[in-house]
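Good morning, and thank you for coming. Please look at the sequence and the structure on the screen as I go through them.

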Amino acid sequence: MSHSSHIETQVVHAGQTPDPATGAIVTPIYQTSTFVFDALGVHKGYDYSRTANPTRTALERCLATLEGGDYGLAFASGMAATDTIIRLLKPGDHTLIGADVYGGTYRLFKSEWERFGLSFSVVDMADLASIAAALQPETRLIWLETPTNPMMTLADIPAVVELAHRQNILVCVDNTFATPCAQRPLELGADIVVHSTTKYLSGHNDVVGGAVVVNDAGLYERLTFLQNGAGAVPGPFDCWLTLRGLKTLALRMQAHSANALAVARYLEGHPAIARVLYPGLPSHPQHELARRQMALFGGMLLVELAGGEAAARHLCEHTRLFALAESLGSVESLLELPAIMTHASVVGTSLEIAPSLVRISVGIEHADDLIADLEQALAGLA
Ligand SMILES: Cc1ncc(COP(=O)(O)O)c(C=O)c1O
């Protein structure tokens, strides 16, 4: 699959050829831990499934193509992918992370990696001057989410890359919210892309997974060593589910984006809502950057309730179609209160999320049904 074909085609075909043994059009689930050798030192390319498995290889090649990268690696979860990237660092190294990076990423830095001599600073990635001021001689990595979870803040990827590469600092972009249908960080100069494939890439709330994509052969070699050496790999069935979900990614992202814009516009006009943050709305403070950097604006939005925490709790507990649940990016619409759910791990830190904020993951149901559900849940709050 050439890198020049369209993403609608890539999601269906990349990394997947008819099974050489049977002609099966769908990559089989190679549910095996080990592979028989033809002779000592001679095998068909696979020896043990922690090291490599054909279903995983298909997924890894597909993910690399979608991100416009040369090498893909699949992991057991988004956090396993994140943990593996951080193992590229050594004690004494410093990392910059975004001010509202995913709570679990912050938690690992704070409660684990610091113990091993890795330091980090939290900066507003929307502010280039703050990034420049926070750089240290020991800085080796800048960790970006754009848009961020849950504040929907954008980072200007090429501008951050330019700053970082002056000092040989790696830029890693968590592309979970945008997906490669909306944004391809490697093509904008980033060194590493990381995903929670649990979200849009698999898309159906039925599997937990992670991925890393890079272009540099040396980085890939180190990451491959760690993937095999530490072993946080996904099983063949999980890889297959992710491949199956990926086939409709391009269609789903169009539907998520169209629905999210409709819901965002509706909520922006509702008296119970004080603020809507969605990159596709002209009112988003970084709308111009979003238009420059993103081909689609995605399915995630954040709303602030005019009635504060009580109103936010009311909304979360009164929808019928939007399910009250953590996670995001699936066909089903979800909503949650980050302050006490996904981002509880940053309570008491500078990353704390206000309890009046509700995160909404807009699914692919009909926009009219979604709006009607929000309407009935907000009734009485205005
Ligand atoms: C932006 C982002 N990155 C990473 C993760 C971690 O991924 P996982 O839950 O698959 O380990 C999440 C999970 O919510 C996320 O939202």
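**Burial, overall form and charge pairs**

Of the 382 residues in the chain, 54% are buried, where buried means under 20% relative accessible area, exposed means over 50%, and partly exposed lies in between, with a 1.4 Å probe and protein chains only. Please keep in mind that this is a predicted model, in which local features need pLDDT of at least 70 and side-chain atom pairs count only at pLDDT 80 or more, while totals for chains, interfaces and linings use all residues. Residues are numbered from 1 along each chain as its sequence is written, and side-chain values use heavy atoms, with hydrogens and water left out.

Let me turn to the overall form. The chain has 12 helices and 12 strands; these are DSSP runs, with helices (H or I) of at least four residues and strands (E) of at least two, numbered from the N terminus. Its C-alpha atoms fill a box of roughly 75 × 50 × 35 Å along the principal axes. The radius of gyration is 21 Å, which agrees with the value near 21 Å for a compact globule of 382 residues. That radius is taken over C-alpha atoms, and the globule rule is 2.2 Å times the number of residues to the power 0.38.

I now come to the charges. Side chains of opposite charge can pair when their charged atoms come close. The structure holds 12 salt bridges, each defined as a side-chain nitrogen of Lys or Arg within 4 Å of a carboxyl oxygen of Asp or Glu.

Which residues illustrate this? Lys-44 is exposed, because its relative accessible area is 67%.

Another salt bridge links Arg-56 with Glu-60, whose closest N and O atoms are 3.3 Å apart. Because Arg-56 and Glu-60 lie four residues apart in helix H2 (residues 54-66), about one helical turn separates them. Both Arg-56 and Glu-60 are buried.

Finally, Asp-93 and Lys-90 meet through their side chains in a salt bridge of 3.1 Å, N to O.

Thank you for your attention.
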